Amino acid sequence: MIFWGPPGTGKTTLAQLMALVADMEFTAISAVMAGVKEIRSAVVSAQEAQANNRRTLLFIDEVHRFNKSQQDALLPHVENGTFTLVGATTENPSFELNNALLSRCRTYVLKALDCAETRAVIDRALADTERGLGSLSLSMLPELRDQLAAVADGDARRALNLLELLSELAQSRGAPVIAAEDLAEIATGSLRRFDKGGEYFYDLISALHKSVRGSDPDAALYWFARMLDGGCDPLYIARRVLRIASEDIGNADPRGLSLALDAWNIYERLGSPEGELAIAQAIVYLAVAPKSNAVYSAFNAVKEEVRRHGTLEVPLHLRNAPTNLMKSLDYGKDYRYAHDEAGAFAAGEQYLPDPLRGRVYYDPPARGLEIKISEKLAHLRAQNREKTKPRG
């Protein structure tokens, strides 16, 4: 089985408990340091235990760090029951583990602890006279315990590590009480969970994008601040905001694209933290702007059309004819120069390849500036329908 969850949620502890309850030998290796050699050694130990009628639980921490060949080396031993495999990972197994291994495992998702659960871990550690800090007879006010639970941000290991630091500070002062100033001293810096390239990173940027698309400036600003707090490069966010302006606002409000580009340029000139305000301004503007993905949808449809139909010929009347040979082959023949037509529009003229004649890809919604664009296109397309006649 695979335990998938953030740090400090008890993945290693669960594996140890399973081995204890099932009366199995417990062998642990870390994929950060181990390789095929360590896997072979674990296999030999498990086979020796089998010879003595003992089963083995092989626990692999950070199993996503194993490459494909290392993961493949586990397969025959998982198949024949040499050991029971329990892997732990903070990364999405769907992306990090190969299908052959995943198909032989059940994945369990562990969630970060909430504040009440983290508080229970802190209370138990302070009360445990045998293995915890209870033997030190240190006291800690309930409100400070709640603050420590919040600082730990769902990570029980972090909570216990910080509690040990607090106890050391209190002892260094010869005080029996963990004080508020002790907590203030150790709880500095950002402690929110964030990874700069893993699934959690993409979850946050996805939440930001969808909040803008959903016209919620408050949520969009929150996710923006969360990413900055985690150490995300603001230029990455600026690039994504520019993409949002094109994909989700489009021609409903073309000023959004300019504002997003300006925010990017402003950040490059000012840096942090001053330039971050310009990105925030662009995010809020895009969130409240009218929405349209008409160009995005049209462009995707056209790309699919290109893939489906291959190399369609350019209609002869649209081709340039710089030589007499080309003219003799009817290149450019009967082309209508739009500026010479009434309203600078050659009604009925064909610009798509013959097999795609009459196709409509861009269909603007009745929102923002695209209300006017839609009205103009409807007028032009009506003229086309009246004037269109087959060529030749």
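**Figure 1. Overall dimensions of the predicted model.** The protein has a radius of gyration of 32 Å, whereas a compact globule of 392 residues would have a value near 21 Å. This is a predicted model. Taken along the principal axes, the C-alpha atoms fill a box of roughly 95 × 55 × 35 Å. The secondary structure of the protein comprises 17 helices and seven strands.

Figure 2. The strands pair in parallel and follow the order 2-3-4-1-5. Strand 2 (25-30) and strand 5 (107-109) lie at the edges; each has a single partner strand, so one side of each is left without a neighbour in the sheet. From one strand to the next, the twist averages 20 degrees. In general, the strands of a sheet pair through backbone hydrogen bonds, in either a parallel or an antiparallel manner.

**Figure 3. Pairing of strand 1 with strand 5.** Strand 1 (residues 2-4) runs parallel to strand 5, and three bridges join the two. Tryptophan 4 has valine 109, in strand 5, as its bridge partner.

**Figure 4. Packing of helix 12 against helix 13.** The axes of helix 12 (residues 234-249) and helix 13 (residues 255-270) come within 8 Å and cross at roughly 170 degrees. As angles over 145 degrees count as roughly antiparallel, the two helices are therefore roughly antiparallel to each other. Helix 12 contributes Pro234, Leu235, Ala238, Arg239, Val241, Leu242, Ala245 and Ser246 to the contact, and helix 13 contributes Gly256, Leu257, Ala260, Leu261, Trp264, Tyr267 and Glu268. By class, the residues of this contact divide into 11 nonpolar, two polar and two charged.

**Figure 5. Crossing of helix 7 and helix 8.** The axes of helix 7 (residues 142-152) and helix 8 (residues 156-172) come within 9 Å, with a crossing angle of roughly 130 degrees. Helix 7 is therefore oblique to helix 8. The crossing of these two helices is right-handed. Leu148, Val151 and Ala152 of helix 7 meet Arg158, Ala159, Leu162, Leu163 and Leu166 of helix 8. The contact of helix 7 with helix 8 has seven nonpolar residues, no polar residues and one charged residue.

Conventions
Residues are numbered from 1 along each chain as its sequence is written. This is a predicted model: local features need pLDDT of at least 70, side-chain atom pairs count only at pLDDT 80 or more; totals for chains, interfaces and linings use all residues. Side-chain values use heavy atoms; hydrogens and water are left out. Two strands pair if DSSP finds at least two bridges between them. Helices (H or I, at least four residues) and strands (E, at least two) are DSSP runs, numbered from the N terminus. Axes are lines fitted to C-alpha atoms, for helices over the stretch in contact, and angles run from 0 to 180 degrees between N-to-C directions. Angles under 35 degrees count as roughly parallel, over 145 as roughly antiparallel, 65 to 115 as roughly perpendicular and the rest as oblique. Contact means heavy atoms within 4.5 Å. Ala, Val, Leu, Ile, Met, Phe, Trp, Tyr, Cys and Pro count as nonpolar, Asp, Glu, Lys and Arg as charged, and the others, Gly among them, as polar. A crossing is left-handed if the near helix is turned anticlockwise from the far one by less than a right angle, and right-handed if clockwise. The radius of gyration is taken over C-alpha atoms; the globule rule is 2.2 Å times the number of residues to the power 0.38.
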